[in-house]
Each structure stands twice: as structure tokens, then as C-alpha cells.
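Here is a short briefing to keep beside the viewer while you look around this chain. Have the sequence open too, and follow the residue numbers as you go.

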Amino acid sequence: MQWAKSILLACVCLAVWPAQAQRLVFAFNTAEPYKVLDTNGRPAGAYVDIIRELARRSQLVLEIEHAPLKRVLAMMENGSADITIGIKGGLDREAYLQFLDPPFARSSRTLVLQRVNDPRQLRSYDDLLPLRIGVVDGVHYFPQFDADRRLRRDSAPNVDSALRKLLAKRFDVLMINSMQAQGELRGNSDRLRFREAEVRFEFGLQRRIAISRRSAVAQQLQGVLSRELAGMVKDGTVRRLLAKAENADMATRPQP
């Protein structure tokens with residue numbers, strides 16, 4: 001009789017498990033080449049693949065909310081989203097962003113874009129001081145730049161708008177992530193009108209996945225997510241997913 005009760009209990013648990021699977025809300029914004037929209041307008045790219053695999057290994061049902069960056073940050077701040085990726089931290093975000101360990105990739109390089117016909121040679125950080133510097137709303141670049149009150153910044157809502165403002169001479173230069181620059185300029189009819197300045201910035205924080213401090217779900221799942229992420233880093237899954245995006249971008253980069 002006891003064994004029959006045990007079997008019945010196991011069957012009941014299996015029957016209700018799918019209905020009780022925990023939902024994980026991923027706040028997604030586009031950022032070439034890692035976070036893009038596919039031909040059907042659905043979120044895609046290496047970062048999306050990483051979060052999908054993390055949710056699968058954690059036995060979670062993933063729900064993706066597509067929004068501009070500022071809305072993504074607001075969702076993380078109010079706890080209506082649980083997780084995001086491709087977002088940097090900072091003192092202004094410590095209250096609501098918590099970053100999972102381990103990091104999933106090394107830091108990314110920041111470039112300075114100029115118009116190709118701009119004769120100014122920018123070789124050091126201090127060369128930026130007299131310039132009007134284009135940035136994208138809500139983006140953190142690297143600590144020295146983000147905290148420097150001497151710099152004259154002007155913002156755009158997204159990279160596409162920022163590139164247009166640079167060509168229109170509303171910016172003197174544009175700060176941009178190196179891989180994002182390659183992704184955004186690939187296939188852009190104006191790509192030959194831009195050039196990289198000599199100065200570039202290698203330092204920065206390692207890339208991490210962020211969860212919301214204001215989300216009870218994210219806080220409850222922190223240990224599970226960190227454990228499964230560590231497994232993905234160790235077995236090479238993250239490296240393979242990132243390489244797919246980065247190698248594709250290298251293959252389409254114009255040759256000198």
C-alpha cells in the first residue's frame with residue numbers, strides 16, 4: 001500500500017510541474033551584434049541565446065519584454081523585469097541592479113568615432129575635453145568617462161540616431177562599443193563616412209548578467225542562476241554562443 005501511495009504522489013507531482021514552472025522576465029533592448037531582431041521582428045542574437053539557455057537549464061519559462069534601454073532600466077528598477085544582459089553597473093544603478101557571478105566574458109573595448117573628413121587627431125583621453133561628445137541615452141561606457149564632469153556630452157536615443165547626429169555635425173565624436181560599431185555599420189550606406197580615432201579605451205568591467213534587486217523572483221533564483229551560469233561558462237557554451245556573433249561580424253567587416 002505504501003508503495004502505491006508513493007507512485008500516486010510522484011504522478012501527481014509530474015502532472016502539475018509544467019503548470020507550476022517559474023516564469024523569468026527578460027528585459028531586452030537591441031544592441032548590435034549581440035541583441036538584435038530577426039527577420040520576423042523577434043529578439044535574437046548571442047546574448048538572447050545565453051539567457052534562453054540559462055533559463056532552460058534553470059527549468060524556467062522565459063518571457064522576453066522588448067523595450068528601449070531607458071525602459072529596460074526602469075523595469076529592472078521597479079522589479080517588473082527579473083533579468084537583463086549587456087547592461088553595465090554604476091553608482092546610480094547599485095540600488096536596483098545585482099550582477100551574477102561568474103562574469104561571462106571579458107570587458108569590451110570603447111571606440112571613438114569621427115567623421116572621415118575630420119582632420120583632428122585624437123590620441124589621448126585629454127583630447128576629448130574640448131569636444132562635443134555623442135553618447136546614447138542610458139549607456140555607461142567606462143568609469144573614468146562616466147564620472148568626468150569636465151566633458152561636454154550630448155545624447156541620442158539610440159545608436160542609429162547618434163550616427164546621424166555625428167554626420168550632421170551635432171557631435172564632434174561618438175563614443176561606442178567596438179563590437180556594436182561593427183554591427184551597426186555593417187551594411188550601413190554611410191559606413192565609409194566614419195573612421196575610428198587613434199584613441200581607444202580597453203579598460204572596463206567584465207561582462208555580467210544583471211538581475212533586479214526589486215524582483216522577488218530574481219532574488220529567490222539568484223543561487224540557481226549563478227550555478228547554471230557557471231556551468232555554461234565552464235563547459236564552453238557561452239564562449240561558443242559569443243563566437244558565433246563575433247565571427248559573423250568579423251566576416252562581414254569591410255577589408256582595408
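This is a predicted model: local features need pLDDT of at least 70, side-chain atom pairs count only at pLDDT 80 or more; totals for chains, interfaces and linings use all residues.

The chain is built from eight helices and 12 strands, and 45% of its 256 residues count as buried.

**The chain as a whole**

- The accessible surface of the chain comes to about 13,900 Å², and carbon and sulfur atoms account for 53% of that area.
- Taking contacts between residues at least 6 apart in sequence, 72% of them join residues at least 24 apart.

**Nonpolar cores**

- In soluble globular proteins, nonpolar side chains tend to be buried together.
- In this model the largest nonpolar core has 31 residues, and those with the most contacts inside it are V112, L128, I133, F145, M175 and F201.
- Two or more residues of this core come from each of these elements: β7 (110–115), β8 (132–136), α5 (159–167), β10 (173–177), α6 (178–185) and β11 (194–201).
- Helix α5 gives the largest share of this core, with five residues.
- Which residues does L128 touch, not counting residues up to four places away in sequence? Its partners are V112, I133, L151, V173, M175 and F201.
- Another core lies apart from the largest one; this other core has 29 residues, including L24, F26, L54 and I85.

**How α2 meets α7**

- Helix α2 (residues 46–57) packs with helix α7 (residues 216–234) at an angle of about 120°, and their axes are 9 Å apart.
- Is the arrangement perpendicular or oblique? Angles of 65 to 115 degrees count as roughly perpendicular and those over 145 as roughly antiparallel, so α2 is oblique to α7.
- The crossing of these two helices, α2 and α7, is right-handed.
- On the α2 side, the contact is made by I50, E53, L54 and R57.
- On the α7 side, L225, E228, L229, G231 and M232 make the contact.

**Cis peptide bonds**

- E32 and P33 are joined by a cis peptide bond, with omega about -10°. P33 sits in the loop between β1 (23–28) and β2 (36–37).
- D101 and P102 are also joined by a cis peptide bond, with omega about 5°. The loop that holds P102 runs between β6 (97–99) and β7.

- Q59, a residue other than glycine, has a positive phi near 60°. Look for Q59 in the loop between α2 and β4 (61–66).
- K169 is not a glycine either, yet its phi is positive, about 65°. K169 belongs to the loop between α5 and β10.
- Is K169 buried or exposed? With a relative accessible area of 51%, K169 is exposed, because the cut-off for exposed is over 50%.

- R191 is found in the loop between α6 and β11.
- The relative accessible area of R191 is 34%, which lies between the 20% and 50% cut-offs, so R191 is partly exposed.
- How far apart are R191 and R115 in sequence and in space? They are 76 residues apart in sequence and 9.9 Å apart in space, C-alpha to C-alpha.

Notes:
Residues are numbered from 1 along each chain as its sequence is written. Side-chain values use heavy atoms; hydrogens and water are left out. A nonpolar core is a set of buried Ala, Val, Leu, Ile, Met, Phe, Trp, Tyr and Cys residues joined through side-chain atoms within 4.5 Å. Buried means under 20% relative accessible area, exposed over 50%, partly exposed in between (1.4 Å probe, protein chains only). Helices (H or I, at least four residues) and strands (E, at least two) are DSSP runs, numbered from the N terminus. Contact means heavy atoms within 4.5 Å. Accessible areas come from the Shrake-Rupley method with a 1.4 Å probe; for residues, only the protein chains shown count as cover. Axes are lines fitted to C-alpha atoms, for helices over the stretch in contact, and angles run from 0 to 180 degrees between N-to-C directions. Angles under 35 degrees count as roughly parallel, over 145 as roughly antiparallel, 65 to 115 as roughly perpendicular and the rest as oblique. A crossing is left-handed if the near helix is turned anticlockwise from the far one by less than a right angle, and right-handed if clockwise.
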